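Dear colleague,

I am passing on to you the structure discussed for your review. Please find the sequence and coordinates below, followed by my notes.

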Amino acid sequence: MRARLLGVAVGLALADSSIVTLALPEILGQFDVAITSVAWVLTSFNLVLALLAVPAAYVSRRRPREAFVSGSLVFAAASLACGLAPSFEVLVGARCVQAVGAALVVTAALDLLARVQGGDEQALRTWVAAGILGAALGPAAGGVLTQVLGWESIFLVQVPLALALLFAVRGVTGRPTRTPAGRPSLTANSALLLVAGGLVAALFLVVLLLVDGWGMSPAAAGVVVTAIPLVAIVVGRLRPSSLGPVQGIACGVILLAGGLVALALMPRAGWGWTIPPQILVGAGLGLTVGGLTEHALRKRPDQVVHGGWTIAARHAGVVVGLVLLAPVLTTALEENRDEAIRAGAAVVLDSEIPPLDKLGVAQDVLAEVDRANDVGELPDVERAFEGRPDDDEWRALVDGLQEQLDRAVTSAFSGPFLLAAALTLCALVPVALMRRRVA
Amino acid sequence: MRRVAPLLVSLGLVAAVVVPYLALGGGRFEPAPVADPCETRERPDADGLAETLERVALAGVDGVACELGVSREELVLALRSEEALTAFSEEQGLDRDELEQAITDGLVRAVDDAEEAGSLPGFVAPLVRRAAESVPPWLILETLESLGEFLP
């Protein structure tokens, strides 16, 4: 039971790296900030976690129990501040503090898990699995909460959860480590950084495409993207024993990059088309992140500090992914917007609706494009046709315009997915060096 | 071979998804390119005066767009308001007066062609020509289409 609670603590803390993905449009609507600034709600948490994971690990190796308790309290207090933030600046500041708490919780949990489960190997497995599940389920959980209760609830529900997790350490004493930690694994950690950078596309962009691009409800999109963690768990369990550790990681990198390429080449809009690529991504996730983390930690004198290095590498990768992919997506959406408007105008001009209605429709559609642009959303075609007839000619026009919008949005995401695939494939270089070292 | 086999299996799994996606049009799922305004468009016969006037207006826009080297859609979007026309002329580096004249000339030419082809009734053609010459370009499409509503 304690091991589970500690696993939940790790999952909860790491879910925060992606949990607000679907809440960004709501946050944008509440605070008067630029679209480019709102991503700081995500970036700030990951940046601070990347910077503080190793120092936090050094604190945790000396006083694991105290580090876990203080980390949980800081995390709970910062989550409360996020949920009640009166301004965007306070929200970003509180996210930074939340990351401080997360760094302490995650690194201390690794030591405490070893105490509770009676061994480093078992603790490492639980710690890695909890981290993967937390990060992968984050966007889905955030989407459901945002839709049902509003974005603030994402943070407010974490307050009692974080406090409840304090029960996990009742009666557990840590085992302070005094031996030198040794050098971190450069190859495993740099591969983790690159893979995490690529995973940003799979974990963040797929959800954005489903909800903001194709108009799915956040809750439904949340269900769709659980394919990734589900497959990751199955592949992690069914992994053949004959597969060598480095071999498994290399296969994972290929599957992950291949899944991202498939996401870039979707032939239609629709959640069903994301499932086969998500299966590849999930399999890649199950083989790479766990394998690389275990490679970075196994048989090291101090698991906690090396665990801190892996967290730093993963979240630095998330920051790199966000910094690289966000501008590429924004530029592609702007370029495709103009193309879509021209294609939409052709659809209206060639449609079968009465000639006298065409100019009015074109004006309404353009007004909707401008409105959506102002609030950082994609246009809602149906909204531009409110009050219009619902016969075959009009329906064909709405479908034609929706098709052009789907094409514009889906192809705008192609570039970021391909870039993420390239970033992921770069991980094969450090993986090849790992192979040489193991050999 | 044993070492490489898992990597080949992984590549095979990736190909099993990517190849069908490519075959079904993956990578080409993007906004439809707009038609070349210099090419003749195939259209069914117009039904009623409103539709005939629309055809004349669009033929005129096609002609002007072809002359200016832009798409019909860009030009129609530019004709939706005075501001849009100004922005379009600046974007294309065109003199505003020359642009307005080119639009008027193109529409008048389309009316002449339609009259010659017998698709526009003789008593309507002068009215439409007059409208094309006197109404500001950003109101021309609306005016031509409205004519269809009032004329018998």
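The notes below take up the model and its confidence, then each chain, and lastly the contacts between the chains.

This is a predicted model, in which local features need pLDDT of at least 70 and side-chain atom pairs count only at pLDDT 80 or more, while totals for chains, interfaces and linings use all residues. Residues are numbered from 1 along each chain as its sequence is written, and chains are lettered from A and ligands numbered from 1 in the order in which they are written.

Confidence in chain A

The mean pLDDT (the predictor's confidence in each residue, from 0 to 100) of chain A is 87, and 97% of its residues score at least 70. Among the elements of chain A, the highest mean, 95, belongs to helix H13 (residues 245-264), and the lowest, 74, to helix H3 (residues 35-38). Where pLDDT is low, the predicted coordinates should not be read in detail.

Chain A

Chain A contains 19 helices and 0 strands; helices (H or I, at least four residues) and strands (E, at least two) are DSSP runs, numbered from the N terminus. Along the principal axes, the C-alpha atoms of chain A fill a box of roughly 80 × 50 × 30 Å.

Two domains are listed for chain A, domain 1 (1-172) and domain 2 (332-413), with bounds from an automatic or database domain assignment. Their centres, taken over C-alpha atoms, are separated by 41 Å.

Of the 439 residues of chain A, 58% count as buried. A residue is buried if 20 or more other C-beta atoms lie within 10 Å of its own, exposed if 12 or fewer, and partly exposed in between, with C-beta atoms placed from the backbone. Two residues are in contact if their C-beta atoms, placed in that way, lie within 7 Å. Of the contacts in chain A with a separation of 6 or more, 84% are between residues 24 or more positions apart.

Chain B

Chain B has 7 helices and 0 strands. Its radius of gyration is 24 Å, whereas a compact globule of 152 residues would have one near 15 Å. The C-alpha trace of chain B spans about 85 × 35 × 25 Å along its principal axes. Domain 1 (1-30) and domain 2 (49-150) divide the chain, and 51 Å separate their centres, taken over C-alpha atoms. Buried residues make up 34% of the 152 residues in chain B.

The contacts between the chains

In total, 36 residues of chain B are in contact with 35 residues of chain A. On the chain B side, H1(B) supplies the largest share, 10 residues. This side divides into 20 nonpolar, 6 polar and 10 charged residues, where Ala, Val, Leu, Ile, Met, Phe, Trp, Tyr, Cys and Pro count as nonpolar, Asp, Glu, Lys and Arg as charged, and the others, Gly among them, as polar.

Yours sincerely

Note on methods
Rg over C-alpha atoms; globule rule 2.2 N^0.38 Å.
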